[in-house]
Amino acid sequence: MNCLTTVPGLAEVTPERLAALVSGAAAVTATADLSELLTATAEIARESTGAKYAALGVLGEHGTLIEFVHVGIARELAEAIGPLPTGRGVLGTLIHEAKTIRLDRLQDHPDSTGFPPHHPPMSTFLGVPVRSGDALFGNLYLTEKEGGFTQDDEHLVEALAAIAGSAVSNLRLQQKLRRLAVVEDRERIARDLHDAIIQDIFSVGLVLQGLASRMDNERDRHDIEEAVTRLDSAISELRRFIFDLKPPVWHDRDLGTEITRLTQQLAEPYGVRAVFDISTDLGQIPSDVIDVASQIVREATSNALRHSGSPTVEIGAESRAGFLILTIADRGRGFDPAAVKTGLGLSSLRSRAEKAGGDTTVQSRPGRGTTVRVLLPV
Ligand SMILES: Nc1ncnc2c1ncn2[C@@H]1O[C@H](COP(=O)(O)OP(=O)(O)OP(=O)(O)O)[C@@H](O)[C@H]1O
Ligand SMILES: [Mg+2]
């Protein structure tokens, strides 16, 4: 392992001690939980040196210890001692100098501040910095080895600290990657819900609307229209749910892509050619405007496909003066907007645009084709 070779003088350590260290270190690197990793490191350091106590302090932003895991002191005693060390005295010196400190009598060190009541006596001391990447992560402390800590102990613990430091870096990287995976997962679910499920419900609604308009029985027509209303509210609910689910990184929806895909799908079964004139610089269009725009394009396109008999349908989108301008035009039979009994389609298209603060015009003359034009404020 790379980090072992960077510790000078490790060769003096006996093979047995090295073997114990390596197998312990393997356990450390396999740990998926930071505080478990810290405790395991302290435990291995204690076992491989024969110290009575071991601890690992984690450094916060302001140069004090924000976490302190220890082994060798029973919980009741630790509770009696009170607050955990924050990094004063010799621990503070170790933090500032970031160099190994080995002492036979802790009390003799000029920075020594003594212990709180109930604290067991600690005299021999070995403190080693733990680095994660370039930064000082914390320190590994050992105390109370009979006869004092040796040069070998120092090398051994430095090696362990190097392994623990790289295990911490690795763990932090893994946690970052996991968080990223969760965000991507949410994004994917939101997209699936939006693209597949909402569009499906929407098409069912369209079919039902068509059915209702062909119904002679007023009552049946009314029932079906009510079902359509229920589907609409289901869509709104889903949309709200998706909005909650949607991570803030969902910036990359693209109106052009969405309406192209949508209208191509619609036109295909009719054998009608969809022609696009979609500006490439539509700019960043808010997600809710994209939703309204695709519903409008969907309805107007499906009208052209079902009613006009035109071999083509032209779909345009451009951005001008804070407005998104959508046009859906066919060259089919046309109709008289004033005379025709409008179904749910055109009226819901108008009311959707209106709700979004927009405006709709339908230009059509019998025999001359139809152009639906909608302005939506962005
Ligand atoms: N592009 C078009 N070409 C020719 N006629 C059209 C066109 N768009 C609409 N119409 C006429 O206007 C009528 C009303 O359209 P509207 O979308 O409101 O209802 P619908 O399409 O008949 O039913 P629904 O949309 O509720 O399924 C249509 O029935 C059709 O006669
Ligand atoms: Mg319609």
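**Notes on the helices and their packing**

1. With 63 residues, α6 reaches 92 Å from its first C-alpha to its last, close to the 93 Å expected at 1.5 Å a residue. Please keep in mind as you read on that this is a predicted model.

2. Do look at L193 while you have α6 on screen: a kink of about 25° is centred on this residue.

3. Next, what does α2 do beside α6? The axes of these two helices come within 10 Å and cross at roughly 15°. An angle under 35 degrees counts as roughly parallel, and that makes α2 roughly parallel to α6. The crossing of α2 past α6 is right-handed.

4. Which residues bring α2 and α6 together? On the α2 side they are R17, L21, A25, V28 and T29, and these meet L156, A159, L160, I163, A164 and A167 of α6. Sorted by class, this contact holds nine nonpolar residues, one polar and one charged.

5. Helix α2 (residues 15-29) also has a partner in helix α3 (residues 34-49): their axes come within 9 Å and cross at roughly 170°. Angles over 145 degrees count as roughly antiparallel, and α2 and α3 are therefore roughly antiparallel to each other. From α2 the contact takes R17, A20, L21, G24, A25, A27 and V28, while α3 supplies L37, A40, T41, I44 and S48. Eight of the residues in this contact are nonpolar, three are polar and one is charged.

6. If you colour α2 by partner, you will find R17, L21, A25 and V28 among its residues in the contact with α6, and R17, L21, A25 and V28 are also among those in the contact with α3.

7. L255, E258, I259, L262, T263, L266 and A267 represent α8 in the contact, and I290, A293, S294, V297, R298, T301, S302 and L305 represent α9. The contact divides into nine nonpolar, four polar and two charged residues.

8. Finally, how far apart are the end C-alpha atoms of α9? They are separated by 31 Å, which agrees with the 32 Å that its 22 residues should span at 1.5 Å a residue.

Key:
Residues are numbered from 1 along each chain as its sequence is written. Chains are lettered from A and ligands numbered from 1 in the order in which they are written. This is a predicted model: local features need pLDDT of at least 70, side-chain atom pairs count only at pLDDT 80 or more; totals for chains, interfaces and linings use all residues. Two residues are in contact if their C-beta atoms, placed from the backbone, lie within 7 Å. Helices (H or I, at least four residues) and strands (E, at least two) are DSSP runs, numbered from the N terminus. Ala, Val, Leu, Ile, Met, Phe, Trp, Tyr, Cys and Pro count as nonpolar, Asp, Glu, Lys and Arg as charged, and the others, Gly among them, as polar. The expected span of a helix is 1.5 Å times one less than its number of residues. The bend at a residue is the angle between axes fitted to the seven residues ending there and the seven starting there. Axes are lines fitted to C-alpha atoms, for helices over the stretch in contact, and angles run from 0 to 180 degrees between N-to-C directions. Angles under 35 degrees count as roughly parallel, over 145 as roughly antiparallel, 65 to 115 as roughly perpendicular and the rest as oblique. A crossing is left-handed if the near helix is turned anticlockwise from the far one by less than a right angle, and right-handed if clockwise.
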